[in-house]
Amino acid sequence: GPSDDRRDIDMLNALRSQHRTSPATTLHHRVGDGEPMLWVPDCICGAISSLRTGDETYAAALGEALTIVDV
């Protein structure tokens with residue numbers, strides 16, 4: 001929703017100000033129904049969220065295809 005979109009924009013702007021991403025990096029919000037490929041990051045995010053709350057089911061299903069890098 002709009003508040004999540006605003007947080008995304010704020011994060012990108014913070015990364016730009018810290019020179020941690022290129023000024024050319026762009027962000028385009030899409031409605032889920034309008035962009036079928038959004039299910040991929042949503043599934044990965046759900047698997048990681050579940051893993052961090054104790055449910056390893058979805059992360060285990062991804063197996064070696066999933067690499068988590070904590071920054």
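**View 1. Asp 4 is partly exposed, with a relative accessible area of 37%, and is paired with Arg 7 in this predicted model.** The contact between Asp 4 and Arg 7 is a salt bridge in which the closest N and O atoms are 2.0 Å apart. The two residues are three places apart in helix H1, so that about one helical turn separates Asp 4 from Arg 7. In general, an α-helix has 3.6 residues a turn, so residues three or four places apart point the same way.

View 2. Helix H1 itself covers residues 2-17, 16 residues in total, and spans 22 Å from its first C-alpha to its last, close to the 22 Å expected at 1.5 Å a residue.

**View 3. The loop between H1 and H2 contains His 19 and Thr 26.** His 19, which follows H1, has a positive phi of about 55 degrees although it is not a glycine. The residue is exposed, with a relative accessible area of 71%. Thr 26 is also exposed, at a relative accessible area of 55%, and its C-alpha is 9.6 Å from that of Ile 9, a residue 17 positions away in sequence.

**View 4. A nonpolar surface patch is made by Met 37, Trp 39, Val 40, Ile 44 and Leu 62.** The patch has an area of about 450 Å², and its largest share, three residues, comes from helix H2, which comprises residues 39-52. Val 40, a member of the patch, is found in helix H2 and is partly exposed, with a relative accessible area of 31%.

**View 5. Arg 52 and Asp 70 meet in a salt bridge between their side chains, at 2.8 Å from N to O.** This pair links distant parts of the chain, with Arg 52 in helix H2 and Asp 70 in the segment after H3, 18 residues apart. Arg 52 counts as exposed at 58% relative accessibility, and Asp 70 is exposed too, with a relative accessible area of 63%. A search of the whole structure finds three salt bridges, among them this contact of Arg 52 with Asp 70.

**View 6. Thr 57 lies in helix H3 and makes a polar contact with Asp 55.** The contact joins the side chains of Thr 57 and Asp 55 at 2.6 Å, and helix H3 comprises residues 57-62. Between the C-alpha atoms of Thr 57 and Ser 3, which are 54 residues apart along the chain, the separation is 30 Å.

Note on methods:
Residues numbered from 1 in each chain as written. Predicted model: local features only at pLDDT ≥ 70, side-chain atom pairs only at ≥ 80, totals over all residues. Heavy atoms only, no water. Helix = DSSP H or I, 4+ residues; strand = E, 2+ residues; numbered from the N terminus. Expected span 1.5 Å × (residues − 1). Patch = residues over 30% accessible without salt bridge, like charges linked within 9 Å, V, L, I, M, F, W, Y side chains within 5 Å. Areas by Shrake-Rupley, 256 points an atom, 1.4 Å probe, with all protein chains shown as cover. Salt bridge = Lys/Arg side-chain N within 4 Å of Asp/Glu carboxyl O. Buried < 20%, exposed > 50% of the residue type's maximum accessible area, 1.4 Å probe, protein only. Polar contact = N/O pair within 3.5 Å; in protein donor to acceptor, adjacent residues only side chain to side chain.
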